Amino acid sequence: GNVASRVAATVYNGKEYAYIGNSSNLFRYIWDGKNITEDTSWQPKRVTQPGQTNLLANMIADDWVFDFTNCCPPTKTPLSVVSVSQANASKMNRIDPIPLEPGQQSYIPSNSAVDPENNMMYVMDGGARKIVGLKYDPMTGNMSIAWKGNQSTLAFLSLIGPADQRVLVGTDMHPNTNISQMVNNPPPSYTERVMWREATTG
């Protein structure tokens with residue numbers, strides 16, 4: 001119950017899976033061509049920590065399911081990014097890449113982007129006004145910060161260009177935009193600009 005995220009689907013080891021998150025955890029469902037049922041053999045430990053809010057849509061790359069917290073509502077607790085093994089749900093990695101400054105809240109209701117060809121994923125926090133590029137190990141799922149940037153967005157991120165010239169495209173809200181304006185949508189009461197970043201270095 002209390003499902004919060006969009007669904008991410010994939011084929012893994014010949015089986016069709018759908019991954020979904022709710023207010024605290026990730027779940028996997030199996031599609032057999034006729035019916036969809038919960039895969040109770042795949043049960044990761046709780047994703048959210050005290051103070052964190054709902055999970056966003058999952059992102060799937062290689063053997064790993066990635067997700068991050070603080071979709072809604074805004075919270076004074078920094079977000080976490082996790083990777084969970086599709087083969088073994090007990091294998092989970094966590095990183096908290098965007099600390100909050102005094103008075104800030106974490107809030108990001110939109111989905112991010114993952115780049116399996118370059119072992120990169122990208123996470124933003126509109127409330128913290130930050131964006132990070134994370135490098136992940138496809139074997140272990142461990143994540144590390146490749147770069148950080150100043151950017152405040154609630155929009156989906158997009159990746160364009162070939163693998164060796166990847167560009168990250170997103171928006172950037174006016175610097176005076178506050179949390180109340182971010183949450184009160186639609187319609188937006190703030191202005192934005194489009195930002196292009198070299199995806200490897202930010």
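This is a predicted model: local features need pLDDT of at least 70, side-chain atom pairs count only at pLDDT 80 or more; totals for chains, interfaces and linings use all residues.
Now for the overall build. The protein has one helix and 15 strands. Its radius of gyration is 17 Å, close to the 17 Å that the globule rule gives for 202 residues, so the protein is as compact as a globular protein of that length.

| Property of the protein | Value |
|---|---|
| Box filled by the C-alpha atoms, along the principal axes | roughly 50 × 40 × 30 Å |
| Residues that count as buried, of 202 | 49% |
| Accessible surface | about 9,800 Å² |
| Share of that surface belonging to carbon and sulfur atoms | 50% |

As for how the chain meets itself, take the contacts with a separation of 6 or more: 48% of them join residues 24 or more positions apart.

Is T200 buried, exposed or partly exposed? T200 counts as partly exposed because its relative accessibility is 46%, and the partly exposed class lies between under 20% for buried and over 50% for exposed.

Which residues does T200 touch, once its neighbours within four places in sequence are set aside? Its contacts are then M120, A146 and W147. D32, for its part, is 168 residues from T200 in sequence, and the two are 38 Å apart in space, going from C-alpha to C-alpha.

Methods: Residues are numbered from 1 along each chain as its sequence is written. Side-chain values use heavy atoms; hydrogens and water are left out. Buried means under 20% relative accessible area, exposed over 50%, partly exposed in between (1.4 Å probe, protein chains only). Contact means heavy atoms within 4.5 Å. Helices (H or I, at least four residues) and strands (E, at least two) are DSSP runs, numbered from the N terminus. The radius of gyration is taken over C-alpha atoms; the globule rule is 2.2 Å times the number of residues to the power 0.38. Accessible areas come from the Shrake-Rupley method with a 1.4 Å probe; for residues, only the protein chains shown count as cover.
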